[in-house]
Amino acid sequence: MAMTGPQRIPGAVFDLFFGTGQYSGSDMEVNCGVIHTTEGPTLYNYGGGASAPTVTSVPDFRNKRLVHHQHFDVDESARALVNKAGGVQTNQANAFQWELVGTCDPTTHRKWTTQGIDHIYWPEPPDWAVRDVAALMRWLHDQHGIPLTGRPEWMAYPASYGDSRVRMSFTEWTSFKGWCGHQHVPENDHGDPGALPFARILAVAKGDTPQEVPDMDAIQAKQLAEVHKVLVPYMGWQYSGGGKTDAWALLNNLSAQVAAQTAAIKALAAQLGDDVDTAMVVAAVEKAIADAVVKVSVDVTGPTNS
């Protein structure tokens, strides 16, 4: 089969190129892409190429970019999928295989964060990583025709491991074109790349401006500012010792104000979508309100009891 179109990814690094060695693959014409996560924080040599994908993208945190290490030509079969005897072809099924360095496992993410290991947690990638993934998807669409479409569900790890509902049948796989994850490929049991925000990436690949997704601290700060703005008049934070009766009246009304504001916060957090942990935001806000109630009680009762 002829290989058409450019075979080398623009700007890629070829320090671990295996396409001219022992593990050189078969020629094909890619029409689908399979996204993996390495579940490690660094680049691997894949046993000298024995289990290598087409490309591995390594985060450069200092410069906020992904560095693409290309291992095989674009239209050359890679080796990152299990291919069992008697079933369907996987590696040779016109599949561009792409490893993203990092993790989709929330347990690994928490461990690496505690250990201070820089990494990308791919269910919540930074905007610059989304930009670079989308850019390569766009290039593969323009130069090789891989459709800017994909599987409708990208299941969170570890539920995505094994024979899950998102695993394709042989028939689905042999007719598939577009983008999927390792979790979708038959004859395989891996669950990566987990809950990759594929819709967000796809929108950028199609030309939408990447939306800044603030980190949790920024979200909390913004929402707590709104909480404070609404509740300060009711909570007596500006109480200076006078008007004790009015201060207590305001404090007695606080429970109703807290309930109303918490409901508003939950509604606002829900609008932010899947890119934030809504439960965590709401819990943080409710704790802040509870702490504020204690502060108000001290501020209001302190001068009287002293």
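1. Pairing and numbering. Two strands count as paired if DSSP finds at least two bridges between them. Helices (H or I, at least four residues) and strands (E, at least two) are DSSP runs, numbered from the N terminus. By that rule, strand 2 (residues 55–60) and strand 4 (residues 95–100) are joined by 3 bridges and run parallel. Within this pair, V55 stands opposite W98 of strand 4.

2. Basis. The model is predicted: local features need pLDDT of at least 70, side-chain atom pairs count only at pLDDT 80 or more, and totals for chains, interfaces and linings use all residues. Residues are numbered from 1 along each chain as its sequence is written, and side-chain values use heavy atoms, with hydrogens and water left out.

3. Axes are lines fitted to C-alpha atoms, for helices over the stretch in contact (heavy atoms within 4.5 Å).

4. Helix 3 length. Just after the helix, G145 takes a positive phi of about 80 degrees.

5. Helix 3 burial. Buried means under 20% relative accessible area, exposed over 50%, partly exposed in between (1.4 Å probe, protein chains only). The buried residues include W128, V133, L136, W139 and L140. Their cover includes strand 2, strand 3, strand 4, strand 5 and helix 5 (198–205).

6. Cis peptides. One joins Y157 and P158, with omega about 10 degrees. P158 sits in the loop between helix 3 and helix 4 (170–174). The bond from D192 to P193 is also cis, with omega near 5 degrees. P193 belongs to the loop between strand 5 and helix 5.

7. E39 has phi of about 60 degrees. Its loop runs between strand 1 (32–37) and helix 1 (46–49). E187 has phi near 70 degrees and lies in the loop between strand 5 and helix 5. Are these two buried or partly exposed? E39 is partly exposed, at 31% relative accessible area; E187 is buried, at 11%.
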